[in-house]
Amino acid sequence: MTEAGSPQGPLTGKIALVAGATRGAGRAMAVELGRGGATVYVTGRTTREHVSEVGRATETIEETAELVTAAGGEGTAVPTDHLDPAAVRALTERIDREQGRLDLLVNDLWGGDVHVEWGKKMWEHDLEKGLRVLRLGVESHIVTSRYALPLLIRRPGGLLVEVTDGTEEFNRRYREPFYYDLAKSGPIRMTKGLATELPEYGCTAVCLTPGWLRSEAMLDTHFKVTEENWRAGCEQNPHFAISETPVFVGRALAALAADPDVARFNGQALSSGGLAKVYGFTDVDGSAPDAWRYITEVEQEGKPADTSGYR
């Protein structure tokens, strides 16, 4: 929290809701908003008393809120199942009661990886798991926007950020399996629709994707490395060299939130690597990985791993 006489950040006075801020990109985005001085409500289903179906007790929304505050903002953790309309309505009513406004809504809700049956055809994939993927990746965003947008549009300048995996160009290809493809294309399409409806209220909608994210699970579960020795993961997959920390997309979000001319991006699907070229921020190591261009031009083309010119 900014105290009297201390420096004001570019986001001081801004009220944000980061829906799905337990870990990964959501946590980093919340923390970087806090670093800019924002008041950030962080939500998720894993708390110090309860673990969601994702099954990771190592990250909680309380910890995220504490990190937001430690970074210079004011973090508030609100346990919320965003598939429960009553819970989301109560969340937005609380923000209204305590703040009277909402300047930034970030829909980073996911948690569907545990249900995705990779490598299976649509008709082979378990139907219940597939529909759960869509509920977590699409319906949760819809429910949240339904109740949060009436508060966001109360004041001109509001920003909605839908978070997905993959740029619009990359996601034109089939991101198998079927349910994953729909879940990750959905936020891009939702952005286009809301980008048509929000401008009359002076508000903006964009979609944002990180690149190859070195999330907690990517490090400790998939590659069994740490952030300190992450490059050891390149022995398993040399293209992991293009990966980025969650801070990179967090800085992308903070730059968008502080941009008085953010409306120029209305309706667009943006990436952390692309926005780094616009705003000039870097990842924590000083590089600026352009992951989706690399994935398209190098990995998808079957070329040897070489990040020269891409970070």
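Helix H6 gives the largest share of the lining of the largest pocket, 6 residues; helices here are DSSP runs of H or I with at least four residues, strands are runs of E with at least two, and both are numbered from the N terminus. The structure is a predicted model, in which local features need pLDDT of at least 70 and side-chain atom pairs count only at pLDDT 80 or more, while totals for chains, interfaces and linings use all residues. Residues are numbered from 1 along each chain as its sequence is written, and side-chain values use heavy atoms, with hydrogens and water left out.

The largest pocket holds about 1600 Å³ of space. A pocket is an open set of points on a 1 Å grid over the protein atoms alone where a 1.4 Å probe fits, with protein on both sides within 12 Å along at least five of seven lines, and lining residues have an atom within 4 Å of a point. Its volume is the space filled by probe spheres set on the points, which are joined across faces, edges and corners. Of the 49 lining residues, Trp110, Asp113, Tyr180, Lys184 and Ser215 are the closest to the centre. Two or more residues each come from H1, H4 (127–152), H5 (178–197), H6 (216–223) and H9 (291–299). By class, the lining divides into 19 nonpolar, 18 polar and 12 charged residues, where Ala, Val, Leu, Ile, Met, Phe, Trp, Tyr, Cys and Pro count as nonpolar, Asp, Glu, Lys and Arg as charged, and the others, Gly among them, as polar.

Helix H1 (residues 24–35) also meets H7 (residues 246–258): their axes come within 7 Å and cross at roughly 45°. This makes H1 oblique to H7, since angles under 35 degrees count as roughly parallel, over 145 as roughly antiparallel, 65 to 115 as roughly perpendicular and the rest as oblique. Contact, meaning heavy atoms within 4.5 Å, involves Gly24, Ala25, Ala28, Met29, Glu32 and Leu33 of H1, and residues of H7 including Pro246, Arg251 and Ala257. The residues of this contact divide into 10 nonpolar, 2 polar and 2 charged.

Some backbone details in the loops are worth a look. Most residues other than glycine have a negative phi, and most peptide bonds are trans. The bond from Glu176 to Pro177, however, is cis, with omega near 5°, and Pro177 sits in the loop between strand S5 (159–163) and H5. Lys224, in the loop between H6 and H7, has a positive phi near 55°.

Notes
Axes are lines fitted to C-alpha atoms, for helices over the stretch in contact, and angles run from 0 to 180 degrees between N-to-C directions.
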